[in-house]
Amino acid sequence: MSFANTRIGKWAASLLVMVAGCNQDTRIEYQHNPTVHIESDHTLSRPELTPFTVDGVVVAPIFRMLTPQSTQVWLKLWTTSGKTVSARAAHLSGTGAQSAQSQQFPAEHTTTTEKKDAKGVQYGLILLGELGNDVLASLASDGSAKLMVEIRVSPAAEYRSLSFDITRHKTKQWATH
Amino acid sequence: MGPDYRPDLQRDHGVAHGLSPFAQAQGAAPSLWSAHSAPAFFANPTPTLAPAPVPAAAAQAQTPGLLSSLWDGAKGLGSKGYHGLTDWAFEGRDRNNGRAPTQAEIDQDPSWRLMGPKETIYHDNNRGAAERKYVRDDPNSFLGLGGTEAVIDGDTGRPMEAGPYQATYNYVNPAKGGMGDLSLGGIGRNLGHLALDVIPYWFGGTVRGDEGTNFAQRVLGPETYKKAGAAWDGAKNWVGDKASGIGHAVGDAWDGTKDWVGDKASGIGHAVGDAWDGTKNWVGNKASSVGHAAGDAWDGAKNWAGNKASSIGKGISAGWRGLTGWMGG
């Protein structure tokens, strides 16, 4: 007799189903799909990263929900060596019917890519700003939003404009401990 | 959640009482892995209070013998062994998780990911604003599977550093894609998290010893547990009300039956009584008539006899007067 057919096995299975059923949660996240995998791949050589690379620095936007009310917009700047990177004139706009809506992050920020991840790839972080989750949900109500930002690597270089398609993802989560 | 979690838990106990499965254990809430609920031979033999002075004879009687000393030694070893075996689930998590970061530190580090409300149920003290739980990967963990946690009290904005709702290290962080991540790695992470982080919490709690929660509360989460307790009480009341209603209905039906039977019996009794009375009257009337007839007959007989006797007397008297007149004349 297998464990699943025993009384304890059935009790345990019922408990798991009940807990998993009761404690499910739907999380909505906003991601830039081509760059989101750098965190796990630790590689900057994939061809889909080319449009988001400026002078050897791969620019990856991160939408990090900080509280149930607000989300931070970060730029994670991946590179193989230490570089000084500046970002300015960022704005997030809706697509389709929501294209008239936008959120501006005009301030200029500069950072140096001096931190290292687990595989030794260097990175730096720039916090562009914070916006309400309701605003973000409205901007991306068609399923995606567009982030535009100007990037410059080294103070002597010219700013270059980058555009990112940010897509909304729903994931089923369950109670964690 | 602040340091005053105990009063909060005790306040929650008001929901459940009696034989409710959602009743909070009074006093010590047993944790399967806690020393309090460990078998007696695992209990710490070290006394916590200074022994009171005892008479010499009694002291001699209490002097442990060889077997007793061996037994105490075995208990001490068992307790140490048990503590060592469960160290990873309590002290080990605290060591790995490190100092609880503040909200300001989390704000400046995007590697902290906010968990959703249902994902946070085991760290929500069910009081005031919801707690916020953040998870971060730990690249130094075994195969990079582990992750540190931070829990921020929704009411104070301060990290929850102690108590049953504190942040706990995950030996396996759940998959970022959640339950829908059906890749081998995703399934492995979710099952690993369940096996090494969630189920040990269900049975042992967050803090070694009595942390003031019970198994059901840990499985369902404090909020769901409270709601389930209220639902249980409601169901009990509903069943009680129904039973009471049925009891009243049965009582009313019984009363009606009793009244109906009583009325019927009374009617029959009256009918019998009336019949008896009628019979009595009829018999009485008949007897009276017979009596009257007999009286009349008697009276007639008496009158007839009296008349006859009077006539005879008168005849005798007249005869006597005739005889005396004839003899005197």
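Modeller: Two strands pair if DSSP finds at least two bridges between them. Helices (H or I, at least four residues) and strands (E, at least two) are themselves DSSP runs, numbered from the N terminus. By that rule β3(A) and β4(A) pair, in the antiparallel sense, over 8 bridges. The two strands form a hairpin with 4 residues between them.

The model is predicted: local features need pLDDT of at least 70 and side-chain atom pairs count only at pLDDT 80 or more, while totals for chains, interfaces and linings use all residues. Side-chain values use heavy atoms, without hydrogens and water.

Biologist: Which residue is the bridge partner of A:Met65 in β4(A), and what joins β4(A) to β9(A)?

Modeller: The partner of A:Met65 is A:Thr71. β4(A) and β9(A) run antiparallel and are joined by 10 bridges; in β9(A), A:Gly129 is the bridge partner of A:Val73.

Biologist: Why is β4(A) described as largely enclosed by the rest of the structure?

Modeller: Buried means under 20% relative accessible area, exposed over 50%, and partly exposed in between (1.4 Å probe, protein chains only). Of the 10 residues of β4(A), 10 are buried, so the strand is largely enclosed. In a regular strand the side chains alternate between the two faces of the sheet. Both faces of β4(A) are covered, with A:Ser70, A:Gln72, A:Trp74, A:Lys76 and A:Trp78 buried on one side and A:Thr71, A:Val73, A:Leu75, A:Leu77 and A:Thr79 buried on the other.

Biologist: Why does A:Ser70 count as buried, and which side chains make polar contacts with its side chain?

Modeller: A:Ser70 has a relative accessibility of 10% and therefore counts as buried, the limit being under 20%. A polar contact is a pair of N or O atoms within 3.5 Å; within protein, one must be able to donate a hydrogen and the other to accept it, and residues adjacent in sequence count only if both atoms are side-chain atoms. The side chain of A:Ser70 makes such contacts with the side chains of A:Thr67 (3.0 Å) and A:Glu130 (3.1 Å).

Biologist: What makes a set of residues a nonpolar core, and which elements give two or more residues to the largest one?

Modeller: A nonpolar core is a set of buried Ala, Val, Leu, Ile, Met, Phe, Trp, Tyr and Cys residues joined through side-chain atoms within 4.5 Å. The largest such core has 28 residues, and A:Leu75, A:Leu92 and A:Phe164 are among those with the most contacts inside it. Elements giving two or more residues to this core are β3, β4, β5, β9, α4, β10 and β11 of chain A. The largest share, 5 residues, comes from β10(A). A second, separate core of 10 residues includes A:Ile38, A:Leu49, A:Tyr123 and A:Leu125.

Biologist: What is the span of α6(B), and where is its kink centred?

Modeller: The expected span of a helix is 1.5 Å times one less than its number of residues. α6(B) has 21 residues and reaches 29 Å from its first C-alpha to its last, close to the 30 Å expected. The bend at a residue is the angle between axes fitted to the seven residues ending there and the seven starting there. In α6(B) there is a kink of about 35°, centred on B:Leu194. B:Leu194 is also one of the buried residues of this helix. B:Gly205, which follows α6(B), has a positive phi near 80°.

Definitions and conventions. Residues are numbered from 1 along each chain as its sequence is written. Chains are lettered from A and ligands numbered from 1 in the order in which they are written.
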